[in-house]
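Please view the sequence and the model together while reading.

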Amino acid sequence: MRLWYGVLLAVLAAALAAFGWHWVAQDPGYVLLRLRGWKIETTVVAALVILLLAWAVLTTLWRLLRWPFGALSRRHRRLSQQRLGAGLIALIEGRHGDAERDLNRASRLDSLRGPALLASAEAALRRGEPGRALEALDQAAQSVPQAARVLRARVLRREGKPAEALALLLPESDKGTLTPGGWRELVQAALATGDARRAREALAPLQKSGALGHRAYAALEAQVLVATLNATPDGATLNAMWSQWPKPQRRVPAVIDAYARRAAGFGLTLPAMDEVESALRREWSPLLIETYGSLSGDDVEARLRRAEGWLDAHPNDANLLLTLGRMCVRLKVWGKAHQYLQRSLALAPGAAAWEALGDTFAGQGDAAQAQRCYRNALAFTRGDVVTPLAQTASPMQPDTHPIAIEERDAHGLPRLPG
């Protein structure tokens, strides 16, 4: 397409030149210059050509005269650009002292002053010197005020001053002129100060900017929604808020978990169970199956029977086995609790399973084994060595090997487990 445009322009230029030359040839014009006895006669075309040549000669002479002075500025610009590149590389490599030195030198060039000072502040922050970072940001604010404000808020938040960071960003947020990085810092600062309302209000402009990928935004949104649910003062407010949220937000496992636990805390166990069961019917979630077993209520026996029915489809799910074991402990069904918890430990050892197994032994009156389980739970949390249980504690050990079942994909084709 560009070729045809070029050909068309060339044809038009040739046509204009032909008609123009024909027009000038009929009457080339007459120019007379007289100065102190000197007299110059020529045509208009020749006069224009002479003026163009004179302008070209004067421009060349001016550039030759400026070249010695421009060489120094070009060298300064080249060195500053090299120092900026070296400083950024040193910052990525972790040589923060070298990075700060090179970036401060690069900031002497006006065109690089803002970016170099911002990177220098980041290098100082990574060195553990927030004071120097704030000094660099004070200077950077003269060139790049918005970027300097966002980075200053980040420094304040990391230094344990989220209230100051929030106060720094609020004026721009009220005007709606915050950058995407500023909206993200506002969300983080608001969450750190317990202001879930402002954090949730900042999600809309952040999503509109498209600065975060889908996964990162979803994680941040879930964090804000969980904080919002945990801040509700009563059950009526909780249910009203929950009913107003769109379905995509009410189908995030972490958000459902927060709602169920908060609702159960207000005595609304039945709505909490309905949400968890509906979510588990839509999509299996290890987090929600643990929530299902830990919620309070008098229907533990019915929940146990329902959860045992899920074993057919998920026989090797350690979280489901842990949930079953916990519910058996609450019902004092010690034999089943032993089987479920030991199988869960065999599949995925964890502190929660050791603690539940300790509760099982304690309920049976075996204090020694209970203490050993509790010590194992604490050791697992700390990353220490776990002590195996004595074989005499359970003469009939259950089979803890994973059960092989046939798994099929959405098209009904068999696939390997995992």
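**Salt bridges between helices and loops**

E185 is buried, with a relative accessible area of 6%. The model is predicted, and its salt bridges number 20.

**R157 and E185**
- The buried residue E185 forms a salt bridge with R157, and the closest N and O atoms lie 2.9 Å apart.
- Because R157 belongs to helix 6 (residues 145-158) and E185 to helix 8 (residues 180-193), the pair ties together parts that are 28 residues apart in sequence.
- R157 is partly exposed, at 25% relative accessibility.

**E277 and R306**
- A salt bridge also joins E277 to R306, with 2.9 Å between the closest N and O atoms.
- This pair links distant parts of the chain, since E277 is in helix 14 (residues 269-282) and R306 in helix 16 (residues 300-309), 29 residues apart.
- E277 counts as buried at 15% relative accessibility, whereas R306 is partly exposed at 38%.

**R127 and E100**
- The side chains of R127 and E100 form a salt bridge with an N to O distance of 3.2 Å.
- R127 sits in the loop between helix 4 (113-126) and helix 5 (130-140), and E100 sits in helix 3 (residues 96-106), so the pair ties together parts that are 27 residues apart in sequence.
- R127 is partly exposed, with a relative accessible area of 41%, while E100 is buried at 4%.

Note on methods:
Residues numbered from 1 in each chain as written. Predicted model: local features only at pLDDT ≥ 70, side-chain atom pairs only at ≥ 80, totals over all residues. Heavy atoms only, no water. Salt bridge = Lys/Arg side-chain N within 4 Å of Asp/Glu carboxyl O. Helix = DSSP H or I, 4+ residues; strand = E, 2+ residues; numbered from the N terminus. Buried < 20%, exposed > 50% of the residue type's maximum accessible area, 1.4 Å probe, protein only.
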